[in-house]
Structures are given as structure tokens and as C-alpha cells.
Amino acid sequence: MIEWQWCSFADLSGAQLYEVLAQRQGVFILEQTCLYPDIDGYDLDAHHLLGWRDIGGRSVLVAYLRCLAPGAKYDEMSLGRILTTNDVRGTGAGRELVAHGIQYAEQLHPGHRIRIGAQQRLEKFYQDFGFETVSAPYDEDGIQHIDMLR
């Protein structure tokens, strides 16, 4: 079972922020062998969804995304840095994460569309949540991406 927690940047403890950055580095930089500036200035104004699971008697961050307000990065609000760790992949945790993210984002910013820059290989996954592809594939840090709107 995953315990979900929404936090503003100011509400993240030092230990929570450390875990977020460690998991983002582990998934996006190490697993995907992709060198890019993960600390991009958007975290400060974002809302962060953290998914915690008890593994071996310890609370471990196993799922994460951030939500940006309309105008912060795109005209629309956006979800990004969406990840699950190996501990929960294949369990439906990713679907649960995105569903929670969409629900909260729509509460925060009612009436606004959501834009994501998705890895192209995940196009069908996001289409299942009502996202539509709105760009041709493009290379971002060596990985094919597409822009999608909901």
C-alpha cells in the first residue's frame, strides 16, 4: 500500500527533499543514462506528490511527480518528473500516481488544461488518462518525447 502526500516546496522536510532528488537522479539520470539539469528552478513553486511505502520497516519514496501552475512553464498547468521506482513498477502504482496527480491538479487549477512532455514510449499510457498528442516526436536529452494535453 502506498501512502500519498502532497507538499509545497516549503513544506518538504530536508529528508523528504533529499529522497525526492535521490529518486529523480536514480530514475532519470542513472537508469536512463541521461545527463540533464534536474534542478531546474521549477521545484520552488511546484506542488509535489510523494508516494511512500513501507519496505523492510522503513518508509521509502516509491512514486513522485510535481505539479506546476499555469504560466509557470507552459500556458497550461503541467505535471512532470513523473516516476515510480523498481520496487513498485508493474503493480499499478504509476497509474495510481498519475490519477492522483490529475485529480489534485484539477482541484488546484480548475478549468485549466494539463500539459505533459512525455516519453514517446509512454504515449498509450497517458492516452488512457485522456491526454492527446499535440506535437511531433522530439529529442530531449537523448530520449524521444512528445507533448500531450488533457
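Me: Which residues does Phe129 touch, not counting residues up to four places away in sequence?

Reply: This is a predicted model, in which local features need pLDDT of at least 70, side-chain atom pairs count only at pLDDT 80 or more, and totals for chains, interfaces and linings use all residues. Contact here means heavy atoms within 4.5 Å. With residues up to four places away in sequence set aside, Phe129 touches Arg95, Val98, Ala99, Ile102 and Arg150.

Me: Is Phe129 buried or exposed?

Reply: Helices (H or I, at least four residues) and strands (E, at least two) are DSSP runs numbered from the N terminus, and Phe129 lies in the loop between α3 and β6 (132-133). A residue is called buried under 20% relative accessible area, exposed over 50%, and partly exposed in between, with a 1.4 Å probe and protein chains only. Because its relative accessibility is 14%, Phe129 counts as buried.

Me: How far apart in space are Phe129 and Ala99, C-alpha to C-alpha?

Reply: Ala99 is among the residues that Phe129 touches. In sequence the two are 30 residues apart, whereas in space, C-alpha to C-alpha, they are separated by 7.7 Å.

Me: Which residues form one aromatic cluster?

Reply: Rings of Phe, Tyr and Trp (its six-membered ring) pair if their centres lie within 6.5 Å, and planes under 30 degrees apart count as stacked, over 60 as edge-to-face and the rest as tilted. Tyr126 and Phe131 make an edge-to-face pair, with 6.0 Å from centre to centre and 85° between the planes, and both residues are buried. The cluster that contains this pair is formed by Phe125, Tyr126, Phe129 and Phe131.

Me: Why is the pair of Trp6 and Tyr104 stacked?

Reply: A search of the whole structure finds four aromatic pairs. In one of them, the rings of Trp6 and Tyr104 have centres 3.9 Å apart. This pair links distant parts of the chain, since Trp6 is in strand β1 and Tyr104 in helix α2 (residues 93-108), 98 residues apart. The pair counts as stacked because the planes of its rings meet at 20°.

Me: Which residues touch the most other members of the largest nonpolar core?

Reply: A nonpolar core is a set of buried Ala, Val, Leu, Ile, Met, Phe, Trp, Tyr and Cys residues joined through side-chain atoms within 4.5 Å. Tyr126, with neighbours within four places in sequence left aside, is in contact with Ile82, Val98, Ile116, Ala118, Phe131 and Met148. Of the 26 residues in the largest core, those touching the most other members are Leu79, Ile114, Ile116, Tyr126 and Phe131.

Me: What is the phi of Arg81?

Reply: Most residues other than glycine have a negative phi. Arg81 has its place in strand β4, and it counts as buried because its relative accessibility is 17%. Its phi is positive, in a residue other than glycine, and lies near 55°.

Me: Which residues is Asp40 in contact with, leaving aside its neighbours within four places in sequence?

Reply: Asp40 is found in the loop between α1 and β2, and at 25% relative accessibility it counts as partly exposed. Leaving aside neighbours within four places in sequence, the residues in contact with Asp40 are Arg66 and Arg81.

Definitions and conventions. Residues numbered from 1 in each chain as written. Heavy atoms only, no water.
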